[in-house]
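User: I have a model open and want to go through it briefly. Let's take it question by question.

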Amino acid sequence: MRYVWRRLMKRCTCCGQALNGQRSSGEVISEINSRASRLIEELGRYPRAQNCNKCNRIVFEGEPGFVQRYLLVDII
């Protein structure tokens, strides 16, 4: 059901991030920074980050779509 809902709402089916490309780069950067700062407060350290396999957007540790790869972790 989550897959269908994300498709209907025009979101990535893997990580759930919006696929709307009309946002400016400044808005995207500020959104990434706010997500990172929220996770820093929750984790007490900088979160690991990787790209979503489907939409290539940044997914932080603790968010839906983050894959625990114990041998290879894509760190930004």
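User: Is Lys10 buried or exposed?

Analyst: Keep in mind that this is a predicted model. Exposed requires over 50% relative accessible area. Lys10 has 64% relative accessibility, so Lys10 counts as exposed.

User: Where does Lys10 lie, and what is its phi?

Analyst: Lys10 sits in the loop between α1 and α2, with α2 covering 25-43. Lys10 is a residue other than glycine, yet its phi is positive. The value is near 55°.

User: Which loop holds Asn56, and what is the phi of Asn56?

Analyst: Asn56 falls between β1 (49-51) and β2 (58-60), in the loop that joins the two. Asn56 is not a glycine, but its phi is positive. That phi is about 60°.

User: Is Asn56 buried or exposed?

Analyst: The cut-off for exposed is over 50% relative accessible area. Asn56 has a relative accessible area of 56%, so the label is exposed.

User: In which element is Tyr3, and is Tyr3 buried, partly exposed or exposed?

Analyst: Tyr3 belongs to helix α1, residues 2-8. Buried means under 20% and exposed over 50%, with partly exposed in between. Tyr3 has a relative accessible area of 47%, so Tyr3 is partly exposed.

User: Which residues form a nonpolar patch with Tyr3, and how much accessible area does the patch have together?

Analyst: The patch is on the surface.

User: What is the order of elements in the protein?

Analyst: The secondary structure consists of two helices and two strands. Read from the N terminus on, the order is α-α-β-β.

User: What share of the residues is buried, and what share of the accessible surface belongs to carbon and sulfur atoms?

Analyst: The protein has 76 residues, and buried ones make up 26% of them. Its accessible surface comes to about 5,800 Å². Carbon and sulfur atoms hold 56% of that surface.

User: What share of the contacts with a separation of 6 or more is between residues 24 or more positions apart?

Analyst: A contact needs heavy atoms within 4.5 Å. Among contacts with a separation of 6 or more, residues 24 or more positions apart account for 40%.

User: How many positive and negative side chains are there, and how far apart do the centres of the two sets lie?

Analyst: The protein carries 13 positive and 7 negative side chains. For context, its C-alpha atoms fill a box of roughly 35 × 30 × 20 Å along the principal axes. The centres of the two charge sets lie 10 Å apart.

Notes: Residues numbered from 1 in each chain as written. Predicted model: local features only at pLDDT ≥ 70, side-chain atom pairs only at ≥ 80, totals over all residues. Heavy atoms only, no water. Patch = residues over 30% accessible without salt bridge, like charges linked within 9 Å, V, L, I, M, F, W, Y side chains within 5 Å. Areas by Shrake-Rupley, 256 points an atom, 1.4 Å probe, with all protein chains shown as cover. Salt bridge = Lys/Arg side-chain N within 4 Å of Asp/Glu carboxyl O. Helix = DSSP H or I, 4+ residues; strand = E, 2+ residues; numbered from the N terminus. Buried < 20%, exposed > 50% of the residue type's maximum accessible area, 1.4 Å probe, protein only. Lys, Arg positive; Asp, Glu negative; His and termini not counted. Charge placed at Lys NZ, Arg CZ, Asp CG, Glu CD.
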